[in-house]
Amino acid sequence: MKVFGFAGWSGSGKTTLLCKLIPELVSRGVTVSTLKHAHHNFDVDKPGKDSYEHRQAGASEVMISSGNRWALMHELRGADEPKVEELIGKMSPVDLLLIEGFKKSAHPKLEVHRPAVGKPLLYPDDPRVVAIACDQALDDTTLPRLDLNDIGGIAGFIIAHCGLAHA
C-alpha cells in the first residue's frame with residue numbers, strides 16, 4: 001500500500017482538494033482510503049445512541065455494523081495517541097492511502113498552500129514535502145509546483161510519485 005500525505009495550514013484547502021482528488025483517482029482505477037488527523041475533542045458518535053452509551057459506560061472499543069458499513073471506535077482513556085505508522089497498520093490494504101494532517105510524520109507529502117491564508121510555507125522545515133499545490137506562482141523553490149485547481153495534474157503527479165501503474 002502506497003502512502004501519500006497532504007500538509008498545510010488550516011484554511012489552505014486540504015479537505016477540499018482531497019474531496020475532489022479522491023473521485024479522480026478512483027476513476028483512474030486506484031483504490032483509495034484516507035486517514036485524517038483531528039483535534040482532540042472530535043467524536044463520530046452521538047449522545048443517546050447505544051454505541052455512545054457503551055463507550056460512556058467504560059468499553060475500551062465499540063464496533064458498530066450494518067449492511068452498509070462498520071466502524072470501530074477505540075477509546076484511548078489517557079493512553080498516548082498512536083503513531084501514524086500504527087494507525088496505517090490498522091487500515092485494510094488499498095492501492096493508495098491518503099493522509100490529511102500528521103505534518104511531522106515521515107511519509108511523502110504534498111504541501112497545500114494559499115498565500116491568502118497568511119501563513120509561511122512548510123516545506124523549508126519538512127524534507128518530506130515533495131511538491132507544493134498552490135493557487136499562485138511561487139518563487140524560490142525547486143520543488144514541483146502544481147496548480148491547486150488542476151485536479152487531474154495533481155492526481156497524475158501522485159500516481160507517478162507513488163509508482164502506481166494506473167492511467
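1. A word on the basis first. This is a predicted model, in which local features need pLDDT of at least 70 and side-chain atom pairs count only at pLDDT 80 or more, while totals for chains, interfaces and linings use all residues. Residues are numbered from 1 along each chain as its sequence is written, and side-chain values use heavy atoms, with hydrogens and water left out.

2. On the overall build, the chain has four helices and eight strands. Here helices (H or I, at least four residues) and strands (E, at least two) are DSSP runs, numbered from the N terminus. Read from the N terminus, the order of elements is β-α-β-α-β-β-α-β-β-β-β-α. The C-alpha trace spans about 55 × 35 × 25 Å along its principal axes.

3. Of the 167 residues, 36% are buried; buried means under 20% relative accessible area, exposed over 50%, and partly exposed in between, with a 1.4 Å probe and protein chains only. Taking contacts (heavy atoms within 4.5 Å) between residues at least 6 apart in sequence, 53% join residues at least 24 apart.

4. Please look at the pair formed by α1 (residues 14-27) and α4 (residues 151-162), which pack at an angle of about 70° with their axes 9 Å apart. This makes α1 roughly perpendicular to α4, since angles of 65 to 115 degrees get that label, with those under 35 roughly parallel, those over 145 roughly antiparallel and the rest oblique. The axes are lines fitted to C-alpha atoms, for helices over the stretch in contact, and angles run from 0 to 180 degrees between N-to-C directions. The crossing of α1 past α4 is right-handed, that is, the near helix is turned clockwise from the far one by less than a right angle.

5. Which residues of α1 and α4 meet? From α1 come L17, K20, L21, E24 and L25, and from α4 come I151, G152, I154, A155, I158 and I159. The residues of this contact divide into eight nonpolar, one polar and two charged. In this scheme Ala, Val, Leu, Ile, Met, Phe, Trp, Tyr, Cys and Pro are nonpolar, Asp, Glu, Lys and Arg are charged, and the others, Gly among them, are polar.

6. L96 is worth a visit next. It lies in strand β5 and is buried, at 0% relative accessibility. Although L96 and K2 are 94 residues apart along the chain, their C-alpha atoms are separated by 4.8 Å. Beyond four places in sequence, L96 touches K2, F4, L25, V30, T31, V32, S33, I158, C162 and L164.

7. E100 belongs to strand β5 (residues 96-100). Is E100 buried or exposed? With 7% relative accessibility, E100 counts as buried. Its side chain makes a polar contact with the side chain of T15 at 2.6 Å. A polar contact is a pair of N or O atoms within 3.5 Å; within protein, one must be able to donate a hydrogen and the other to accept it, and residues adjacent in sequence count only if both atoms are side-chain atoms.

8. Finally, two backbone angles. R77, in the loop between β4 (70-74) and α3 (84-89), has a phi near 50°, a positive value in a residue other than glycine. F102, in the loop between β5 and β6 (109-113), has a positive phi of about 50° and is not a glycine either. R77 is partly exposed, at 48% relative accessible area, whereas F102 is buried, at 12%.
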